[in-house]
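Please look at the sequence and the structure as I show them, and then we shall go through them together.

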Amino acid sequence: MSSPEKTYSDVQMAFQNGTVLSAGKFELEQYLMALARTNVHSEANRRRTEHMGNTIGLLLMARQSEEAQSKATVISVIAMLISIVALVCSGLQAYLEYASFRRSEAPSPAASQLVSPAQSTPVQSPK
């Protein structure tokens with residue numbers, strides 16, 4: 001659903017009642033288009049139109065900057081979450097490797113029951 005095109009009068013009204021300050025990106029673009037379509041003949045109105053155009057342009061840049069900052073924040077949060085998951089996975093992998101190494105180093109019960117014949121003969125003391 002498209003809204004009607006803005007006119008020079010709409011732009012003037014937005015400046016008079018202050019709604020230009022809270023206008024969204026799309027509406028600011030429409031205001032700029034209205035100014036671009038307007039033929040201004042008096043020098044005073046031409047300067048006023050130029051100032052309005054500059055102001056709208058600055059507001060539009062501010063909106064775009066806010067939008068870019070918002071996107072950057074979302075991307076940063078996602079990157080941080082990925083880093084945390086990678087850290088947890090690395091820690092888990094290190095723990096599992098350590099546990100596996102410890103298990104392979106410890107003697108098993110079957111190995112402790114293996115006794116060589118030399119170890120099974122008791123040593124007798126001289127009488």
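This is a predicted model: local features need pLDDT of at least 70, side-chain atom pairs count only at pLDDT 80 or more; totals for chains, interfaces and linings use all residues.

Of the 127 residues in the chain, 17% are buried. The accessible surface amounts to about 10300 Å², and carbon and sulfur atoms contribute 62% of that area. If we take the contacts in the chain with a separation of 6 or more, 70% of them join residues 24 or more positions apart.

Let us now consider the helices in pairs. How do the axes of H2 and H3 cross? Helix H2 covers residues 25–37 and helix H3 covers residues 43–105; their axes come within 9 Å and cross at roughly 155°. Angles over 145 degrees count as roughly antiparallel, and therefore H2 is roughly antiparallel to H3. The crossing of these two helices is left-handed. On the H2 side, the residues in contact include Leu28, Tyr31, Leu32 and Leu35, and among their counterparts in H3 are Thr49, Met52, Ile56 and Leu60. By class, this contact of H2 with H3 comprises eight nonpolar, four polar and four charged residues.

The second pair is H1 and H3. Helix H1, residues 8–17, packs against H3 at an angle of about 70°, with the axes 12 Å apart. That angle makes H1 roughly perpendicular to H3. The crossing of H1 and H3 is left-handed. H1 contributes Tyr8, Val11, Gln12, Phe15 and Gln16, while H3 contributes Asn45, Arg48, Thr49, Met52, Thr55 and Ile56. Here the residues divide into five nonpolar, five polar and one charged.

Is threonine 49 buried or exposed? Its relative accessible area is 10%, and because buried means under 20%, threonine 49 is buried. Which residues is threonine 49 in contact with, leaving aside its neighbours within four places in sequence? They are Tyr8, Leu35 and Val40. Tyr8 belongs to the H1 side of the contact with H3, and Leu35 belongs to the H2 side of the other contact. As for asparagine 39, ten residues away along the chain, its C-alpha atom is separated from that of threonine 49 by 10.0 Å.

Thank you for your attention.

Methods:
Residues are numbered from 1 along each chain as its sequence is written. Side-chain values use heavy atoms; hydrogens and water are left out. Buried means under 20% relative accessible area, exposed over 50%, partly exposed in between (1.4 Å probe, protein chains only). Contact means heavy atoms within 4.5 Å. Accessible areas come from the Shrake-Rupley method with a 1.4 Å probe; for residues, only the protein chains shown count as cover. Axes are lines fitted to C-alpha atoms, for helices over the stretch in contact, and angles run from 0 to 180 degrees between N-to-C directions. Helices (H or I, at least four residues) and strands (E, at least two) are DSSP runs, numbered from the N terminus. Angles under 35 degrees count as roughly parallel, over 145 as roughly antiparallel, 65 to 115 as roughly perpendicular and the rest as oblique. A crossing is left-handed if the near helix is turned anticlockwise from the far one by less than a right angle, and right-handed if clockwise. Ala, Val, Leu, Ile, Met, Phe, Trp, Tyr, Cys and Pro count as nonpolar, Asp, Glu, Lys and Arg as charged, and the others, Gly among them, as polar.
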